[in-house]
Amino acid sequence: MPRQPMPTGAMQEFIRKEAERILAACTKCGKCFEACPMTRYSPQLTGAKPESVVTGILELLRREQGTPEALAWTSACVRSGSCVPACPDDVNPKMMVRIARMVAAGGLGGAPRIPIRDDRDYFDRIRAFARLQLTEEELKDWM
Ligand code: SF4
């Protein structure tokens with residue numbers, strides 16, 4: 001199975017820090033999953049418990065195996081952003097699922113566990129998000 005291209009340098013560091021932040025902040029309440037408009041279109045997610053899907057997503061952020069439901073959610077995500085305002089703890093679940101998807105696609109090392117779609121602007125979107133998160137100095141180092 002082809003793997004997603006590996007980010008390098010500062011981008012790797014940015015992703016690592018974001019994963020750490022999310023792991024520390026997320027309470028696994030499942031409200032982000034409940035707000036996702038795509039779950040109804042995935043048979044694997046029908047009847048899934050929001051809290052356990054998020055638990056599987058956090059496993060992926062720890063570079064663990066994840067669960068079939070968590071992998072299904074990473075595949076179903078179309079980055080609608082509906083999850084972001086649903087989170088009571090400002091975790092940014094969109095980024096959480098995004099990183100989980102990168103892990104699941106083998107983009108951060110390890111074997112891919114989901115098929116990846118052709119995603120030509122993958123790094124452009126990560127860069128655009130990073131612009132909002134990194135300091136001027138970090139950006140200079142990165143760009
Ligand atoms: S990301 Fe936010 S909404 Fe989703 S489970 Fe964690 S705390 Fe709850």
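Modeller: We can go through the core, the helices, the ligand shell and a few single residues. Keep in mind that this is a predicted model.

Biologist: Start with the core. Which residues have the most contacts inside the largest nonpolar core?

Modeller: They are Ile57, Leu61, Trp73, Met96, Ile99, Ala100 and Val103, in a core of 29 residues. Two or more core residues come from each of α1, α2, α3, α4 and α6.

Biologist: Which element gives the most to this core?

Modeller: That is α6, with 7 residues.

Biologist: What is isoleucine 57 in contact with, leaving aside neighbours within four places in sequence?

Modeller: Isoleucine 57 is in contact with Ala70, Trp73, Met96, Val97 and Ala100.

Biologist: OK, on to α3. Which of its residues are buried?

Modeller: Pro50, Val53, Val54, Gly56, Ile57, Leu60 and Leu61 are the buried residues of α3. Viewed down the helix axis they fall within an arc of 155 degrees, so they line one face of α3.

Biologist: And what do those buried residues pack against?

Modeller: Against α1, α2, α4 and α6.

Biologist: How does the length of α3 check out against 1.5 Å a residue?

Modeller: The 12 residues of α3 should span 16 Å, and the end C-alpha atoms are 17 Å apart, which agrees.

Biologist: What about α1, which residues are buried there?

Modeller: Ile15, Ala19 and Ile22 are buried in α1. Their arc around the axis is only 70 degrees, which puts them on the same side of α1. The cover over these buried residues includes α3 and α6.

Biologist: What does the face turned away from the buried side of α1 carry?

Modeller: That face carries the exposed residues Gly9, Arg16, Lys17, Glu20 and Ala24. As for length, the 17 residues of α1 should span 24 Å at 1.5 Å a residue, and the end C-alpha atoms are 25 Å apart, which agrees.

Biologist: Changing topic. Which residues come nearest to the ligand?

Modeller: Cys26, Cys29, Cys32, Cys87 and Val91 come nearest, out of 14 residues around the ligand. By class, the shell has 9 nonpolar, 2 polar and 3 charged residues.

Biologist: Which helices each supply at least two residues of that shell?

Modeller: α2 (31-35) and α6 do.

Biologist: Lysine 31 next. Where is it placed, and what does it contact beyond four places in sequence?

Modeller: Lysine 31 sits in helix α2. Leaving aside the neighbours within four places, lysine 31 is in contact with Ala86, Cys87 and Pro88. The C-alpha atoms of lysine 31 and valine 54 are separated by 9.4 Å, although the two are 23 residues apart along the chain.

Biologist: Why does lysine 31 count as partly exposed?

Modeller: Because lysine 31 has 18 C-beta neighbours inside 10 Å, and a residue needs 20 or more to count as buried and 12 or fewer to count as exposed.

Biologist: Last thing, the backbone. What is phi at arginine 63?

Modeller: Phi of arginine 63 is near 65 degrees, a positive value in a residue other than glycine. Arginine 63 lies in the loop between α3 (50-61) and α4 (68-76), and counts as exposed with 12 C-beta neighbours inside 10 Å.

Biologist: And where is aspartate 90, with what phi?

Modeller: Aspartate 90 is in the loop between α5 (83-86) and α6 (93-104). Its phi is positive too, about 50 degrees, and aspartate 90 is not a glycine. Aspartate 90 is exposed, with 9 other C-beta atoms within 10 Å.

How values were computed
Residues are numbered from 1 along each chain as its sequence is written. This is a predicted model: local features need pLDDT of at least 70, side-chain atom pairs count only at pLDDT 80 or more; totals for chains, interfaces and linings use all residues. Helices (H or I, at least four residues) and strands (E, at least two) are DSSP runs, numbered from the N terminus. A residue is near a molecule or strand if its C-beta atom, placed from the backbone, lies within 6 Å of it. Ala, Val, Leu, Ile, Met, Phe, Trp, Tyr, Cys and Pro count as nonpolar, Asp, Glu, Lys and Arg as charged, and the others, Gly among them, as polar. The expected span of a helix is 1.5 Å times one less than its number of residues. The arc is that of the directions from the helix axis to the C-beta atoms. Two residues are in contact if their C-beta atoms, placed from the backbone, lie within 7 Å. A nonpolar core is a set of buried Ala, Val, Leu, Ile, Met, Phe, Trp, Tyr and Cys residues joined through C-beta atoms within 7 Å.
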